[in-house]
Amino acid sequence: MEAVNESGAKETEHYTVATELNDGIERITYTPKVKRYDIPILMQHGMWHGAWCWAEWQAILAEQGWESHAISLPGHGASPATKSVRFSTMGDYLSVLKQEIERLPRRPVLMGHSMGGALVQWYLKKVVDDLPAVVLVAAWTAQSTWGDGTLLHLKRDPVGFTLVGLTLSTQPLVRNAERAASMLITEGAIYSPEELHGKLCEESALVLNQHNPPLWRPLRDPKTPILWLGAELDAVASLKGAQRSAEFYGAEFQLIEGAGHNLMMEKNFRETALKVDRWLQKTV
């Protein structure tokens, strides 16, 4: 049961939830009543999403004693756009992520989903490869999204991909509830297709091309410990590509059976979050 305390934060038996919009960035923070770990977790969403997508995992991890912060990139969630999202780049997003890490009192565990997972990889290569740990959640693959994701989309939705090229927006890929659900979730997810579609926003098509050679080459032999979660039924990133990527980075790979791309809201979201908790306990 939730209550609202004097500061305006929501409060439960195990944690408080505070939402703020500061410097144009939405931040949702879950603070456990009994904090077991000094290292915070920073969560980065993927395409079309916002900080809202991590809510279930933030609650579970708070119950386990982790403080976590989920942010919304400009033009996502409750963060106002600083320019047209259609023309946003990975560089734009990386500068936001870098700023959010620097504002924390200590370096966090960095967690990224899908495009957010690609952004985490960019951070390790271009900014700092010295974090307590990284968790890549159904992330874009390390070497190329063309072979490990684009072909999946072309086969499933050639009309949508044609429209992406014409509009420079990836919105056509999630143009209705049915299309969004076919990409992101499976039956039994905590959101219905209509509920999920109603929460999605516009996204740049430029970022799809930037996470590919020659604009992108992955970091070799990262020092930061990495956990790579692969979704068995992922319609966005190929499972073989995820396994190859984990091997390339020397990461621990864990397969999440029976789950689609949005692991944080699939029917087995709780079990997956607890797997992350167990890995973090032995790693950081």
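Modeller: Rings of Phe, Tyr and Trp (for Trp, the six-membered ring) count as a pair when their centres lie within 6.5 Å; planes under 30 degrees apart are stacked, over 60 edge-to-face, and the rest tilted. Ring pairs of this kind join W228, F248 and Y249 into a cluster.

Biologist: What kind of model is this, and what do its values use?

Modeller: It is a predicted model, where local features need pLDDT of at least 70 and side-chain atom pairs count only at pLDDT 80 or more, while totals for chains, interfaces and linings use all residues. Side-chain values use heavy atoms, without hydrogens and water, and residues are numbered from 1 along each chain as its sequence is written.

Biologist: How many aromatic pairs are there, and what makes the pair of Y15 and Y30 tilted?

Modeller: The count is 7 aromatic pairs. Y15 and Y30 have 5.3 Å between centres and 40° between planes, an angle that falls between the stacked and edge-to-face ranges, so the pair is tilted. Y15 is in strand β3 (residues 15-22) and Y30 in strand β4 (residues 25-32), 15 residues apart; strands are DSSP runs of E, at least two residues, and helices runs of H or I, at least four, numbered from the N terminus. Both Y15 and Y30 are buried, meaning under 20% relative accessible area, with exposed over 50% and partly exposed in between (1.4 Å probe, protein chains only).

Biologist: Why is the pair of W52 and Y191 called edge-to-face?

Modeller: The planes of W52 and Y191 stand at 85° with centres 5.8 Å apart, so the pair is edge-to-face. W52 is in the loop between β5 (41-44) and α1 (55-63), and Y191 is in the loop between α6 (177-184) and α7 (193-199), 139 residues apart. W52 has a relative accessible area of 14%, so W52 is buried.

Biologist: How do you know that A59 is buried, and which residues is A59 in contact with, leaving aside neighbours within four places in sequence?

Modeller: A59, in helix α1, has a relative accessible area of 12%, which means buried. Contact means heavy atoms within 4.5 Å, and beyond those neighbours A59 is in contact with Y15 and Y30.
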